[in-house]
Amino acid sequence: MFNIRFGALGLIVLFGSSQIAFAYNVSAWMPSWDAEEAYQSFDTNKDVIDTLSPFWYHVNEDGTLTPPKDGENLALIKYAKENGITVIPTISNSFDGNKIKGFLNNPEEKKKNIQNIVDLVLKYDYDGIDIDYEAISSEDKDAFTAYIRDLREALNKYNKKLTIAIQAQSFAMLPIYGDRGQDWEKLHPYVDEFRIMTYDYGWRGSAPRPVAPYSWVEEVIEYAITKVPREKIYVGVPFYGYGWSKPYFYTYTYNTILLILSKYGVDFQYDPWQKTNRLFYVSEFDTREEKGVHEVWFENHTSLEPKLELVKKYNLGGIAIWRLGKEDTNNWYKIRKILKDAPLGDPLYFKDVDKNTKYFNEITRLADFGIVKGQGSTNKFEPLQKVNRAEILKMALNSFARDTSMYLFKETRSEDFYNPFNDIYDDQWYFPYIQTAADSGIVKGYPDGSFKPSRTIIRAEAVKIALESAGIAVSSASGSSWYVPYRTWALKNGLYTAAEFKYDEEISRGEAAYIIAKVIEAVE
């Protein structure tokens with residue numbers, strides 16, 4: 001039993017509950033700032049970009065349009081079209097609903113504005129126009145719908161497309177909340193791409209939190225498919241991050257994230273609940289007397305992957321990328337593999353790890369998350385080498401968004417900051433991980449006050465550390481040996497058979513990666 005659907009995507013065949021999608025569209029916004037880097041990203045990945053939306057125009061209160069200094073690049077337009085890419089520039093209201101209120105509600109001014117847009121599209125032979133009007137008040141909701149309807153009618157005369165940027169919501173908003181002026185059910189008949197901006201969940205006015213947490217993105221999608229045809233829905237995917245340090249707020253490109261990681265010697269942590277990443281650092285440029293910790297939530301290829309899988313899960317039109325330039329280049333690997341079904345193999349991160357290596361999938365997964373790296377300055381993982389207490393703590397804590405990097409900075413420590421171990425010092429690379437683990441009750445020292453960071457880990461200890469780092473509680477029967485609940489959990493969740501689980505056997509770095517990857521799966 002199967003059915004065939006035709007839509008904006010082309011042919012999609014559905015077999016029962018599974019699907020074979022022959023095309024998912026990739027639309028991408030191109031900023032006029034960072035123009036060189038944005039163009040480089042576009043040029044490198046033009047094989048997977050279907051629609052390019054240069055962020056070129058701002059609408060004025062009188063309905064006229066203002067291009068940026070470096071906008072209306074004729075060479076770019078020509079080059080994109082030569083490569084079969086649709087060019088649909090964006091018009092923004094600069095996130096100010098009052099700027100468009102006048103012409104939305106004045107028939108003559110609205111007519112002039114629409115004619116300005118049509119003239120612009122025809123002048124440069126654009127394939128259509130993208131409308132990004134945000135912060136529209138509830139009282140202008142019907143006027144905005146009428147505006148989009150009239151613009152659609154005007155563009156239809158020339159067979160031009162209309163796309164629209166939509167502020168995310170996961171339920172019908174009340175008048176007192178944001179996203180008030182966009183009526184999803186009434187708007188979608190007039191647009192070709194319904195680009196939902198499923199990002200900025202964390203924003204300037206919020207507490208530190210993810211830019212686009214997985215559960216929220218899925219909630220928005222589930223709401224959207226009740227209002228809008230699936231083939232028109234484009235999931236907005238962010239390629240950036242935000243940072244908070246009271247009272248300051250920052251926007252970070254991925255290139256900046258890499259500079260922070262390198263300059264301040266910090267790691268980032270993966271959050272399997274939100275399926276995204278965060279890091280902490282203290283800026284040397286912070287001029288406050290008492291420097292504050294910057295908490296940064298950011299997006300990269302590991303957080304992009306589950307969002308792309310949502311597009312396939314719900315059989316949607318595609319994605320809309322904000323934005324090209326200075327992004328994680330591995331994002332494009334994921335897009336090619338997941339949305340375009342490109343015949344790509346799994347990446348090989350280490351010289352001594354290939355598809356024949358035991359635990360290859362789990363080592364690759366943790367490397368993909370950025371959790372494991374080469375030994376020292378080498379590009380080797382040493383999968384057969386025994387793993388010690390310090391190493392597994394770093395792997396486990398970075399897997400579950402623990403605040404380890406905060407401990408790297410003396411500026412953030414209180415006067416009663418306490419180191420419980422006599423063989424651990426704050427200039428050692430593993431200090432923040434051991435300190436975090438001790439503070440969280442994950443590890444304890446030996447009777448002589450030592451931690452013994454170089455001591456090798458046995459199997460039951462590794463499972464214990466991974467579970468406690470993830471916040472997974474296990475219970476033990478009265479009088480049973482300490483390792484029994486961890487053995488029980490490992491067997492119940494399919495990590496080992498009873499014969500395989502020798503609790504006191506020392507394990508390798510490869511097996512440590514396996515255990516942690518399986519615990520991440522359990523959390524996800």
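D267 is buried, its relative accessible area being 12%, where buried denotes under 20% relative accessible area, exposed over 50%, and partly exposed the range in between (1.4 Å probe, protein chains only). The model is a predicted one, in which local features need pLDDT of at least 70 and side-chain atom pairs count only at pLDDT 80 or more, whereas totals for chains, interfaces and linings use all residues. Residues are numbered from 1 along each chain as its sequence is written, and side-chain values use heavy atoms, with hydrogens and water left out.

D267 forms a salt bridge with K373, with 3.9 Å between the closest N and O atoms; a salt bridge is defined as a side-chain nitrogen of Lys or Arg within 4 Å of a carboxyl oxygen of Asp or Glu. Because D267 lies in the loop between α8 (254–264) and β15 (269–271) and K373 in the loop between α11 (360–369) and α12 (389–398), the pair ties together parts that are 106 residues apart in sequence. Helices (H or I, at least four residues) and strands (E, at least two) are DSSP runs numbered from the N terminus. K373 is partly exposed, at 45% relative accessibility.

In the whole structure, 36 salt bridges are found. One of them joins the side chains of D127 and K81 (3.8 Å, N to O). D127 is located in the loop between α4 (107–123) and β9 (128–132) and K81 in helix α2 (residues 74–82), so this contact ties together parts 46 residues apart in sequence. Both side chains belong to partly exposed residues, D127 at 23% relative accessibility and K81 at 29%. A further salt bridge connects the side chains of D130 and R195 (3.5 Å, N to O). This pair links distant parts of the chain, with D130 in strand β9 and R195 in strand β11, 65 residues apart. D130 is buried at 0% relative accessibility, and R195 is likewise buried at 0%.

R195 also has a bridge partner in β12, namely Y234. Strand β11 (residues 193–197) pairs with β12 in the parallel sense over 3 bridges, pairing requiring that DSSP finds at least two bridges between two strands. Strand β12 (residues 233–238) is mostly covered, 6 of its 6 residues being buried. From β12, I233, V235 and V237 point one way and Y234, G236 and P238 the other.
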